[in-house]
Amino acid sequence: MGTRGGGLYVGRRAAATGAALLLALLVALLALAALYGRCRQKAATQPLSPRAPGPAAPPPPAPAASSVRRLPRHLLPLHYDLELWPRLRPGQAGPFAFTGQVNITVRCLQDTDTAVLHSAGLRSRGVAAVRGPRSEPGAAVEVAGLRQEEAGEVAVLELRGRLRAGHRYVLQLGFQGRLEEDFDGLFLTRYTDRGQNRMLIASQMEPTYARRVYPCFDEPAMKATFNIRIRHDPSYVALSNMPAIDVSEVKDENGSLWTVTTFNTSLKMSTYLTAFVICDFDYVTKTERGNEIRIWARKEAVKNGYVDYALNITGPIFSFLEDILNVSYPLPKTDLVALPDFGAGGMENWGLMIFQEASLMNLPSDEFTSRKAMIALIVSHELGHQWFGNLVTMNWWNDLWLNEGLASYFEYLGATFVEPKLSLDKIFYAHVVQPVLREDSEIARSLSESEDKIKGSFSLMSLFDNITYSKGASITWMLSGFLTEKLFIRALTSYLKEFSFSNANQDDLWTHIQMVVDAQDEVQLPAPVKQIMDSWTCQNGFPVLTLNLTTGTIRQEQFFNKNNRKSTDSYNNTWIVPIAWMRNGSSQPLTWLDKSIKMFPEMQVSESEYDWILLNVNLSGYYRVNYDQLNLKRLAQLLENDPKAIPAVSRFQLIDDVFALADFGYVPIETALELTKYLAREDELFIWNVVLLNLIPDNLESTLKNHEVYPLLKVLFVKMLMLWKMTILLKCIWKNSWQQRAGWASKTVWTSHLNCMLSGGTTLSTSKNGDLLLEVCMSKGGGKLKGCYKGEAE
C-alpha cells in the first residue's frame, strides 16, 4: 500500500474547505454514472492500446458552412455518375489533392438559361458541358461560362441557350480540390498500426460538406441515385455506400498503376449521406437476414478482437428495428468503419457508417462495462438513422429533430434490447430528459424552427445540439406515452412507408399519427395531434405546472429564471400538457391541461396527512411540477416513512424539480433541502447523482461562502453522512464497478483518478465540537486531494 493520509480536523472557518473536498469526491464518483454525451459531441481518442480504453472527450464544434443559400427550383437532380481520384500514395509527402468528374442527370422543371448548383472550395477542371435534351441524341446546350460564387457556395453555369421544362439534361463538370487533415468533406487522417505510420481518406458530408467534394445539389430534399467509382492506390481498399461490383486496374499518364473500384447503383438518397473511405484496414463480418455486416478497423485492433462486440450487437439491433417498425432495411450490406481520428461519435451514411474508434472498440476480456454500454448506444443511434434520416429525410434542416430526435429515442430502445442490464427508464430520464430540461430553460429557440429562418449566415451546425437530440427524444417519449407505444409505432410505420426514399416535415408525421388516432377509440385526445405537438415543438422552452391541493387548481407558465427576469420579458406560451398522476399511491387516468389554469376537483385533498398527489408520474411529460407547501410536506414525510411508495424515477424527478425551482426563484432552498431528509434510505445511485448535481453548483467555492446557504448544507450533510456510513456506500459503489460508467460521461479522467483515491478508503465523522472530520486514505497522490481533483478535472 502507498502512503496513508492523516485525519484533518476542520474548524468552523475551514469547514467549507472540508465540505468542498468531500463534495468534489462525491461529484467525481457519481459523475461516473453519467451516460455518454450526444454522439456528435464525442471527440477522437488515442488508438486503442492493450490497456482498458478511456472514452472520448468532447471536441470543439465543427465549423459551420459560411452560407445557407437555397438553390432555385428550376432543376431537379435524378442521378449522379461520380468519379473520385484522391492522389494519395502510402508514405507520400503532402500536400495532397483529389480530382474528379461528375455527370448529373437533371429534370428541368422551369425554363432557365442558367444551371445553379452547390460547390465550395473546388476548382473547375476541364470544360463544363450540358448534354441534352436526352430525348434528342447528340444534342447539347452551349455553356457560355462557369462562375463560382464562393460566398454563396454555388457554381453557376451560364448557358447560351435555354433548358426547357419537362426535358432531361446532363450537367458535366470536372473538378479538383485539396485533401485537408480536418474532418469535413473528403479528408486525410494519419494514424499508427502495428508500429507503422499510416494514412487513410474518409468523408463527412453532413450537413453541407458534400459540395466540398463534388459539385452537387446539396440540399436534403434533392435526392437522387448515385453510380460511384473511386480510383486509388492498389494497396488500399475503397468503400462507399453500395457494394463494389468491379475492381480493375488502370495506368495514369506517367505509367503508374491505380486501382479503380466501381460500386453498384445506390438507392435514392440525399447528398449528405454519400460516403467514401480509402484505407488498408481489416474487417470482421457477419450476415443478418441477408445484410452483410462488416466492421472495419486497424489491423491490430481487428486481430485483438476489439471490434467483436460491435459486430455481435449490430445485427440484433438491425433485426429489432426492422421488427418493431415493420419496415425492412433496404440495402444488401452495411459497413461500419472505426477511424482512429474523427470529428463525431458516429455518422449514419447509408451503407457506410463511420465512427470514431472509441465508439466501436472495447477489450474482449471485459464483462459488461461502460464502454460496451456506450458502443451499444452509439451504434443503436446510427442504426436508427437508417430509417429516420436515410429512408425518410427531413425536407429541410429546420426539422432536423425528425432525424436526430427520433434516432435518439430509438437509440435507447435498441441499446437496452441488446443489453438488458441497462435500465431504460432510469438511463433515459437521468441522461436525456433531466439534462435537457436544465439547458432548455436557458436557450431561446424552439425544437422546430421556421424554414425561412434557416438561411443566409445561419449556422447549421448550431442545430446539432441537445435541443435537437435530447429534447427531440424527450418529446418523442412523451408522445409515445400518451398515445401508447402500440399506436405510436403504428403511426411511425405508416409514416415511414409513405415517405420512403423521400422527404417529410413534422406536419407529415402529425398527419400519420392523427390517422392512427382517428382509426381507433381507445385513446382520446383533447385536441388534434398537430395542435398538441406544435405547442411543444414550435415554442421555446417548456412549462412548469403549479398545483394547489386546497382548490385542486393547476396553473401553467413557461419555466424561466425569475432571478434574472427583466420587466420587458414576455412569457405567455401555453402548452397542451398530458398529466400522468397518482393519488395516495394509486395511478389515476391520464388527464390534460389545455389552458393556462384549470380546476381538477379530483385533485382536492382532505386534511389527512396521508392524502397526497403526485403529478407527471415517472417523468412521462416534458415539464416541471411546483407543489404547494401542503403537498410538499406530505411528500417529504412519505419519503421519510416509505420512500418506495413513490416510484424511483418520480423520486428522481421530485428532487430535480424542487432544486431547479429553488435555483430559479420559485421556492426557497429550505424547501428543496426538506425533500432530501429521507436520503438515508435511498439506494438508487441515479437519484444520488441528481442530488449531488443539484447540491454542488459550478462555482462551489462561492456557494460555500454564502453564509445563508452553507449552515443549511453543513447541518444536512453532517447528519446524513453519519447515518449513511458513507464509507460503505463509496466502497460498494467502487466494488460494483460503477466507476466504469465514466465511459458514458465527458469527464472520463475520473476512472483512473478514483482508482487512486479510493484504494485506501474514505471515512467521515465529527469531532467533539460538531465539526466535520474528513479522512481520505490514498495509496498514491501524496495526499493532495484538492490539487489532485483540480488537476484531473481540467
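The chain holds 19 helices and 35 strands. Keep in mind that this is a predicted model. Of the 794 residues in the chain, 59% are buried. The exposed surface comes to about 31200 Å², and carbon and sulfur atoms account for 49% of that. As for contacts, if we take those between residues at least 6 apart in sequence, 73% of them link residues at least 24 apart.

Now to the helix, H4, residues 370-384. H4 is 15 residues long and spans 21 Å from first C-alpha to last, close to the 21 Å expected at 1.5 Å a residue. Is H4 enclosed or open to solvent? With buried meaning under 20% relative accessible area, 15 of its 15 residues are buried, so H4 is largely enclosed by the rest of the structure.

Next, the strands, with E26, residues 553-558, as the reference.

Which strands does E26 pair with? One is E25, residues 543-548: the two are antiparallel, with six bridges between them. Within that pairing, Leu545 has Gln556 of E26 as its bridge partner. E25 and E26 form a hairpin with four residues between the strands, and there Gly552 has a positive phi near 70 degrees.

Another partner is E31, residues 597-599, which runs antiparallel to E26 and is joined to it by three bridges. Here Thr553 is bridged to Met599 in E31.

That's the tour; I'll take questions.

Definitions and conventions
Residues are numbered from 1 along each chain as its sequence is written. This is a predicted model: local features need pLDDT of at least 70, side-chain atom pairs count only at pLDDT 80 or more; totals for chains, interfaces and linings use all residues. Side-chain values use heavy atoms; hydrogens and water are left out. The expected span of a helix is 1.5 Å times one less than its number of residues. Buried means under 20% relative accessible area, exposed over 50%, partly exposed in between (1.4 Å probe, protein chains only). Two strands pair if DSSP finds at least two bridges between them. Contact means heavy atoms within 4.5 Å. Accessible areas come from the Shrake-Rupley method with a 1.4 Å probe; for residues, only the protein chains shown count as cover.
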